[in-house]
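Me: I'm new to reading protein models, and I'd like to go through this one with a few questions. Could you show it to me first?

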Amino acid sequence: MAKKKKKYQVIVNQEACKGCNLCVEFCKPEVLRTSENLNKMGYNYAEPVAGKDCNGCMICTLVCPDLVLEVYYE
Amino acid sequence: MKLKNEWPKYYKKDVVTHYCPGCGHGIVHRIVAELLEEMDLGKRTIGVNPAGCAVLAYNYFDIDMIEAAHGRGTAIATGIKRARPDLFVLSYQGDGDLSAIGTAETIHSANRGEKFTVIFINNAVYGMTGGQMAPTSLIDQRTTTSPLGREPGVDGYPLHITDIVSEFKGVAYAERVSVSSPKNIRRTKKAIEIAFQTQVDDLGYSIIEVLSACPTNWKMDTIESCKWIDNVLSEEFPLGVLTDKRGQK
């Protein structure tokens, strides 16, 4: 029986993100991108790309200086 | 749906830090908060804040903290550790604080072998006051007080304070790390864990120098400044363990 693959989902706290782009740069599967919209602080926050599969490597949460990323799995 | 990364217990929740985008302080703050939780030290920790960008760190850490006068972090940490040897004492300092105005305190507390941990954030400029030249600035580095580049004949050479204190007998552990890539961030966490364990085992002074990005004052974007740490700053300040006296007691 094949092992069931875990599904991961990354969620960005958009109002706290300062748009430093470190997570976007270091994300290997390119799940994250810089949004064209601004948040209340005036930064282009990071956002997940629809249709890309997060592999749960946690590198985005490792490099994030502001703890805005949360990775969920099921 | 389950959460994979829990919020660190000793980091205040839902606080947006005052640090600039891409600043290394946020990463080191998170690492320290995670380690205090993992090593079960948070309840008996006193942190010492510097003057500098990290002056408001007591707004972010959920531990007891005290604010030191400019450069006097290790002097205050000495007092706390001598009065209460059962506590875990952590001095968090920047390069303008530790290696400029606080050189005397740093060198003598290291020479006395005081048993606390120093986390030294080196970003090669004075961050909070607007990017002036620090003792750790590189040769030819342009800052607001050296607009034509740092000139050795006038301003001297970059000060390697961690290399200096690593020569002392009282220093049990000294390492230089950086936060420029996921690999280096993992090594930073390991190094800070070793330094904390050195203090828990009562072996002596431990200092971790972290090469950290300051994109605002370096006038670079965040990715470029990570590359600048790897290619330029790490050439002047090579990463690695400088002294390790664990197991020699």
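Me: Is A:P29 buried, partly exposed or exposed?

Reply: Keep in mind that this is a predicted model. A residue is buried with 20 or more other C-beta atoms within 10 Å of its own, and exposed with 12 or fewer. A:P29 has 14 C-beta neighbours inside 10 Å, so this residue counts as partly exposed.

Me: Where in chain A is A:P29 placed, and which residues is it in contact with, leaving aside neighbours within four places in sequence?

Reply: A:P29 sits in the loop between α1 and β2 (32–38) of chain A. One residue to look at is A:D53, which is 24 residues away from A:P29 in sequence, yet 7.4 Å away in space, C-alpha to C-alpha. Leaving aside neighbours within four places in sequence, the contacts of A:P29 are A:K52, A:D53, A:C54 and A:N55.

Me: Now to the other chain. Is B:T17 buried or exposed?

Reply: Find B:T17 in the loop between β1 (2–3) and α1 (24–38) of chain B. The cut-off for a buried residue is 20 or more other C-beta atoms within 10 Å. B:T17 has 21 such neighbours, so the answer is buried.

Me: Which residue of chain A does B:T17 touch?

Reply: Residues up to four places away in sequence are not counted here. Within chain B, the partners of B:T17 are B:G26 and B:Y60. From chain A, the partner is A:D66.

Me: Three strands form an open sheet; which of them are the edge strands?

Reply: The order is β1(A)-β4(A)-β1(B), with antiparallel pairing. Two bridges join β4(A) to β1(B), and A:Y73 stands opposite B:K2 in β1(B). An edge strand pairs on one side only, and here those strands are β1 (8–12) of chain A and β1 of chain B.

Key
Residues are numbered from 1 along each chain as its sequence is written. Chains are lettered from A and ligands numbered from 1 in the order in which they are written. This is a predicted model: local features need pLDDT of at least 70, side-chain atom pairs count only at pLDDT 80 or more; totals for chains, interfaces and linings use all residues. Helices (H or I, at least four residues) and strands (E, at least two) are DSSP runs, numbered from the N terminus. Two residues are in contact if their C-beta atoms, placed from the backbone, lie within 7 Å. Two strands pair if DSSP finds at least two bridges between them.
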